[in-house]
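I opened my notebook to look through a structure that was new to me. Here is what I looked up, entry by entry.

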Amino acid sequence: MKRFIHFFIIMTVWLLLTWSLNWQELLVGVLVALFAELLLGDIFPIEGVRIFHPRRFFWLIVYFWVFLWAMIRSNFDVAYRVLNIYLPINPGIVKVRTKLTSDMGRTFLANSITLTPGTMTVDMIGDHLYIHWINVQSPDIQKDTEIIVRHFERILERIFE
Amino acid sequence: MSETIGYILLTVGIVFDVLGCIGLVRLPDVYNRLQAGTKCVTLGTAAILLSVLFFTGFNAISVKALLCIWFILITSPTAAHAISRAAHRSGIRLWKGSVLDRYAEDREGAEDKP
C-alpha cells in the first residue's frame with residue numbers, strides 16, 4: 001500500500017512534467033517511477049500521505065497563506081536592512097524548543113523558519129532548533145520560542161501530529 | 001489583463017532578486033549573507049516563474065514553471081540550512097558584532113570541534 005502511494009505520487013509529478021499521454025512517455029514514466037521507488041522508497045516519510053485527510057488538508061491551505069504572508073514580510077525586512085546605509089543588524093544564534101515530533105512536521109517547521117523574517121535554521125539537536133537571527137531580541141529560550149516558533153507550530157500541529 | 005499581472009510579477013521578482021544580490025555583497029558574514037540570499041532569491045524567482053503562468057496561460061510550459069516553484073521552495077531553505085551548518089562545523093566564526101552564539105556554547109564539549 002505504501003509503495004503504491006509513492007508510485008502514484010511520482011507518476012503524477014512525471015505526468016505534470018511531460019504533459020502528454022503518449023504511450024512512450026507513459027512507459028518511460030512507469031520505469032522511472034519504479035526505479036525511483038525501489039531506490040528511495042525506504043527514506044520517503046509515510047506521514048506525508050496523511051495530509052490528504054480533509055481536515056488536515058484544510059489546515060494546510062490555511063498554513064499556505066500564513067506562510068506566504070510571512071515570506072513577503074521577510075523580503076521587505078531584508079530590503080529594509082540591506083538598503084539602510086547604517087546596516088541595522090544585530091545577529092546571533094539563539095536556541096528554541098519545538099513540540100513537534102513527526103519528521104515531516106519538523107522539516108516544514110525548519111524550512112518555514114528559514115523563509116520568515118530575519119531567521120534561519122542552522123541545526124536541530126533533539127528537541128532544540130538553533131536559529132541564526134539577524135536581529136536578536138532576547139537571549140531567553142522561552143521568549144524566543146514564543147516569537148519565532150509558536151505561530152507556525154500551532155498550525156503544523158494540526159496538520160502533521 | 002493577465003499580461004499586466006505578468007509584467008507586475010516579473011518586475012517584483014527582478015527587484016527582489018537584485019535586493020538579494022545587494023544583500024550578498026553588503027552583509028558581513030556567511031550566515032547573514034545566506035539569509036539575504038535565501039529569502040529574496042526564493043520569492044524573487046518564484047514570482048518570475050509565476051509570471052510565466054500569466055503570460056502563456058495554463059499549458060505544458062506553465063505547469064513546469066509551477067512545479068519549479070514547488071521544488072525551489074523545498075530545496076532553497078534546505079541548502080541554506082546545510083551550508084550554514086557546514087560553515088559552523090568547519091569553524092567559521094560569526095561576525096564580530098554578533099551578540100550571542102548558543103550553538104557554539106552547546107558544542108563546547110563536542111569532540112569534532114576544530
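**Entry 1: the sheet in chain A**

I began with β2(A) and β3(A), which are joined by six bridges and run antiparallel. I took strands (E, at least two residues) and helices (H or I, at least four residues) as DSSP runs, numbered from the N terminus. I counted two strands as paired if DSSP finds at least two bridges between them. Before going on, I noted that this is a predicted model, where local features need pLDDT of at least 70, side-chain atom pairs count only at pLDDT 80 or more, and totals for chains, interfaces and linings use all residues. Residues are numbered from 1 along each chain as its sequence is written, while chains are lettered from A and ligands numbered from 1 in the order in which they are written.

I picked out one pair here: T121(A) has I131(A) in β3(A) as its bridge partner. I also found that β2(A) and β3(A) make a hairpin with two residues between them. In that turn, G126(A) has a positive phi of about 60 degrees.

Next I followed β3(A), residues 128-133, to β1(A): six bridges join these antiparallel strands as well. G92(A) has W133(A) as its bridge partner in β3(A), and K95(A) stands opposite Y130(A) of that strand.

Which order do the three strands take? I read it as β1-β3-β2 in chain A, an open sheet with antiparallel pairing. β1 (92-97) and β2 (119-125) of chain A stand at the edges with a single partner strand each, so one side of each has no neighbour in the sheet. The twist from one strand to the next averages 30 degrees. My reminder to myself: strands of a sheet pair through backbone hydrogen bonds, either parallel or antiparallel.

**Entry 2: what packs on the sheet**

Helix α4 (residues 103-114) of chain A packs on it, touching β2 and β3 of chain A, and its direction makes about 150 degrees with that of β2(A). Helix α3 (residues 60-89) of chain B also packs on the sheet, touching β2 and β3 of chain A, at about 65 degrees to β2(A). For these angles, axes are lines fitted to C-alpha atoms, for helices over the stretch in contact, and angles run from 0 to 180 degrees between N-to-C directions.

Why is β3(A) largely enclosed by the rest of the structure? Five of its six residues are buried, so the strand is largely enclosed. Buried means 20 or more other C-beta atoms within 10 Å of the residue's own, with C-beta atoms placed from the backbone.

**Entry 3: where the chains meet**

I found 34 residues from chain B and 30 residues from chain A in the contact. On chain B, α1 (2-26), α2 (30-56), α3 and α4 (102-106) each supply at least two residues of the side that touches chain A. α3(B) gives the most, with 11 residues.

**Entry 4: chain B by itself**

How many helices does chain B have? I noted four helices and zero strands. Its C-alpha atoms fill a box of roughly 60 × 25 × 15 Å, taken along the principal axes. Buried residues make up 31% of the 114 residues in chain B.

Notes
Contact = placed C-beta atoms within 7 Å. Buried ≥ 20, exposed ≤ 12 C-beta atoms within 10 Å, placed from the backbone.
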